[in-house]
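Please keep the sequence open while you go through them.

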Amino acid sequence: MDRSPVAVARARTRANGLCLHNVSFEVGDPAELELERKFDAVMGRYVLMFQPDPARMLAGVIRHVRPGGIVVFHEPDWSGMRSMPPVPTYDLVCRWASEALAASGHHIRMGLRLPATFQAAGLPEPTLQLDAVIGAGSTAAESMNFVGDLLPMLLPAIEQHGIATAREVDVDTLADRMEREARATSSIIIGRSEIGAWATVPPTPPS
């Protein structure tokens, strides 16, 4: 389920191309859609960070899960990005991206809010797992591009909120600048934290 008709159309095309006939897609708000049956699981990735009220969204979504079913969400924490020795351009890119997302009203530390959000939505305390992209040497560029590739998409917000100018960002040379600096200092690059949380829907209380 997705609010974007474009995203749903693309997903349907990919599923058809892979002959996944047991997969279906719906356009709409998953917290408000009414469905004919309950499901064994609900999963979301980079969903709650974009919601004005993540707990309300989650509470609406878990209506679709049967008692004993599983709820799994994967959200980022943008505070963990760093380089050592410092790569100035990469560190700037991380700050620009984080500030642009936060200024646009998004929850850039949603991963760390998952336990409280699950419990506010009526779920038990979830199990958690944290992963992060990390690279050095030949893999440093791939790790840096994990956030650098977002800059063209975030550039309008970066300029709108006065975070940086298009000239300062210079998206056409950004990847080369980061890679050159990282190679010069043999730096280790750490990306944003990726946090997963999962819990089982409790049994329906007797009426």
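1. In which strand does Leu128 lie? Leu128 lies in strand β4, where strands are DSSP runs of E with at least two residues, helices are runs of H or I with at least four, and both are numbered from the N terminus.

2. A word on the basis of these notes: this is a predicted model, in which local features need pLDDT of at least 70 and side-chain atom pairs count only at pLDDT 80 or more, while totals for chains, interfaces and linings use all residues. Residues are numbered from 1 along each chain as its sequence is written, and side-chain values use heavy atoms, with hydrogens and water left out.

3. Leu128 has a relative accessible area of 45%, and therefore counts as partly exposed (buried means under 20%, exposed over 50%, and partly exposed in between, with a 1.4 Å probe and protein chains only). Apart from neighbours within four places in sequence, Leu128 is in contact (heavy atoms within 4.5 Å) with Pro115, Ile195, Gly196, Ala197 and Trp198.

4. In helix α5, which spans residues 140-148, the buried residues are Ala140, Ala141, Ser143, Met144, Val147 and Gly148. They lie on the same side of α5, because they cover an arc of only 165 degrees around the axis, taken from the directions from the helix axis to the C-beta atoms. Among the elements that cover these buried residues are α3 (88-103), β4 (127-136) and α8 (171-185).

5. Met1 belongs to the segment before α1 (5-17), and Met1 counts as partly exposed because its relative accessibility is 45%.
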